[in-house]
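Me: I have a structure open and would like to walk through it slowly. Can we take it one topic at a time?

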Amino acid sequence: MSGTEAVRGTGAVRGTGTAHSTGLRAWVARRLLLGAGQTVAVVLLVFALTEALPGDAAVALAGDQPDPARIAAIREALHLDRPAHERLAAWAAGLLHGDLGTSLTSGRPVATYLAGGFGPTVLLAALTVALLIPVSVGLGVLAARREGRLADRLISSATLGVYAVPEFALGVLLVTVFALRLGWLPPTAVGYGTDLLAHPAALVLPVLVLLARPVCSLARLVRAGMIDALASPYVAQARRYGIAGARVRYTHALPNALAPAAQQLARTIDWLLCGVIVVEALFVIPGLGTVLMNAVAERDIPVIQGLAVVFGLTAVVLNLGADLVARRFTPRAAVAA
Amino acid sequence: MTPRTSTARRRPGRFALALLITAVPLLIALLGPLLAGEPGPRAASFTLGGGHWAGTDFVGRDVWRQVLLGGRTVVLTALAATALAYAVSLPLGLISALTHRGWLEELLMRPLDVLLAVPSLLLILLAAAVFSPGTTGLALLVALVNIPDAARIIRATAAEAAARSAVEALRMQGETWWRMAVGYVGRSALRTLAADAGTRLTGVLYLVATAAFLGVGVAPDAADWAVMVDRNRTGLFVQPWAVVLPAVLIVALTMGANLLFDAALTGPGRRRTPLREPSPVRKETRP
């Protein structure tokens, strides 16, 4: 992911003493334990929330179509006649075998829903992450090099402003300008099916909207870190030795400037997972977010549970990865755990 | 937290601009319902003109009137959720920072660490699928997902203040726990809390608006800027104003709030000190 090259760059810096590495090992063990705890918590939380329906769950879920046959079908499908702990055990055991249950509304296995929405969502996420690192590091380094000048003031104000704007409002305005007024790009992905890669024009606005917030936050951190690093004695010393400016910037200053940005990656992941749901709803992209929103609208509990577990576990694993990467950058600063 | 940059000086121009950007949507949100007046007769959907200068929406209501009515829920829900999040996380953070019982701190903070990993919008959507919450429910949910992060920051700030020798002196003087916690530790943590409150409020505004856009905690025809953007999207090509007006107001509100907090909280005396001297960490990592 993001930090691999940079990790290699700072690899030599890491302490190699035995005391240090055992400390690191203990930290990694603690962090993995926390990750395992979070995994269990996600599964329990998803089960508790979706099973906590007030009153008779089957009647509540039938909602607008309260005919007895449907209520009976729901009771049957969710095994509501069995006690909650048995249902949790059965569901968790199913999860371990990759069996996520079947949909209440269509009777199809939840896994087929996941498989259907997987492609577009992963494509969106991969494109966003692939662009996120170079764009935010580039903007941050550019602003730091021009500190206090026009380019820096423009980048700083723009990133600070866009940082807090919800994706849907930004996206709808971009659609109005680029699809409606200028007619350059399609307003939604309607009619392109799941093979979005064949229609790159439909991907431009979604990826742009998805990038906006993470880029702003990471670029600001890279800029701040870079300004600190460029003012530090080791950079001054490197300059005194006559090392070329670009080399000082990218091999000496940048790795240290990336440390706070790597820690922010975990937060960014939370935004990306939320952003994907919004962007898919906004641009009508048939990915996992759309599947989730449809299931929420239909109160299709097994599909919601399956998707929530997938989203939740993705967040846990990526958080874990981000913490490990951040720890590589700043071995002294304890991250989480 | 938003990083505060080292060059952010208090520029009067920047502050005034941020204030202006925030004031427009804020005034419309708070005073709009007083100016909206009685609902007129419904016209055809997505039309322009005919006495409606901003056109009509998806059910033929006057868009300008909906805009005047639709900001209050966003702003008030966000304020309530932020206040609620602090009402819970302040005591949590202070107690776990000041207690000498390790198990109590673990008991209070570990569950929050676990919750921290769950994406906030996912938790809100899950709860919404089951409970169909109203505006109050949405405020509670948004507050809930903000508690882990807020409590962690408060605990870290308060623990730093509580480790100072002044607290030790207070303890030896036999001061009450309350005076130490609120009078000294709470007060020393105030600046960090102010900065955190600013970023938290913008984050909460984002979540409240996004949840409403996805249909959580609001009626499908509610007078709410986020709901307006969602419901009027189908008529974007016929009547863009019904989408553009509320979207611009939401962008101005969130953008302005963030600029305003940044301008207010990074004054000349509060500049982050640039690292002229190497910190111990840097010295170690780059010999």
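What follows is a chat about this predicted model, moving from one chain to the contacts between chains and then to some local details.

Me: Let's begin with chain B; how many helices and strands does chain B have?
Reply: Chain B has eleven helices and zero strands, so please keep in mind that this description, like everything else here, comes from a predicted model. Read along the sequence, the pattern for chain B is α-α-α-α-α-α-α-α-α-α-α.

Me: And what percentage of chain B is buried?
Reply: Of the 287 residues in chain B, 48% are buried. Among the contacts in chain B with a separation of 6 or more, 74% are between residues 24 or more positions apart.

Me: Which feature does UniProt place on chain B?
Reply: The UniProt record, an unreviewed entry, places "domain: ABC transmembrane type-1" at residues 71-261 of chain B. In the model that span is 81% helix and 0% strand, and its end C-alpha atoms lie 20 Å apart.

Me: New topic: which residues touch the most other members of the largest nonpolar core?
Reply: Those are Val142(B) and Val208(B), in a core of 171 residues. The largest share of this core, 20 residues, is supplied by helix H11 (residues 245-283) of chain A.

Me: Now the two chains together: how many residues of chain A are in contact with chain B?
Reply: There are 60 residues of chain A in contact with 51 residues of chain B. On the side of chain A that touches chain B, the largest share, nine residues, comes from H2(A), and by class that side has 41 nonpolar, twelve polar and seven charged residues.

Me: Can we zoom in on Val244(B); is that residue buried or exposed, and why?
Reply: Val244(B) is buried, because 20 other C-beta atoms lie within 10 Å, and the cut-off for being buried is 20 or more. Val244(B) is found in helix H10 (residues 241-265) of chain B, and, leaving aside neighbours within four places in sequence, Val244(B) is in contact with Leu173(A) and Thr176(A). The C-alpha atoms of Val244(B) and Arg233(B), which are eleven residues apart along the chain, are separated by 9.5 Å.

Me: Over to chain A, then; where does Val284(A) lie?
Reply: Val284(A) lies in the loop between H11 and H12 of chain A, and its phi is near 50°, a positive value in a residue other than glycine. Val284(A) counts as partly exposed because it has 15 C-beta neighbours inside 10 Å.

Me: What span should helix H5 of chain A have?
Reply: At 1.5 Å a residue, the 13 residues of helix H5 (residues 84-96) of chain A should span 18 Å, and this agrees with its end C-alpha atoms, which are 18 Å apart. Just after H5(A), Gly98(A) takes a positive phi of about 80°.

Note on methods. Residues are numbered from 1 along each chain as its sequence is written. Chains are lettered from A and ligands numbered from 1 in the order in which they are written. This is a predicted model: local features need pLDDT of at least 70, side-chain atom pairs count only at pLDDT 80 or more; totals for chains, interfaces and linings use all residues. Helices (H or I, at least four residues) and strands (E, at least two) are DSSP runs, numbered from the N terminus. A residue is buried if 20 or more other C-beta atoms lie within 10 Å of its own, exposed if 12 or fewer, and partly exposed in between; C-beta atoms are placed from the backbone. Two residues are in contact if their C-beta atoms, placed from the backbone, lie within 7 Å. UniProt positions are given in the numbering used here, feature names are shortened, and annotations may be inferred rather than shown by experiment. A nonpolar core is a set of buried Ala, Val, Leu, Ile, Met, Phe, Trp, Tyr and Cys residues joined through C-beta atoms within 7 Å. Ala, Val, Leu, Ile, Met, Phe, Trp, Tyr, Cys and Pro count as nonpolar, Asp, Glu, Lys and Arg as charged, and the others, Gly among them, as polar. The expected span of a helix is 1.5 Å times one less than its number of residues.
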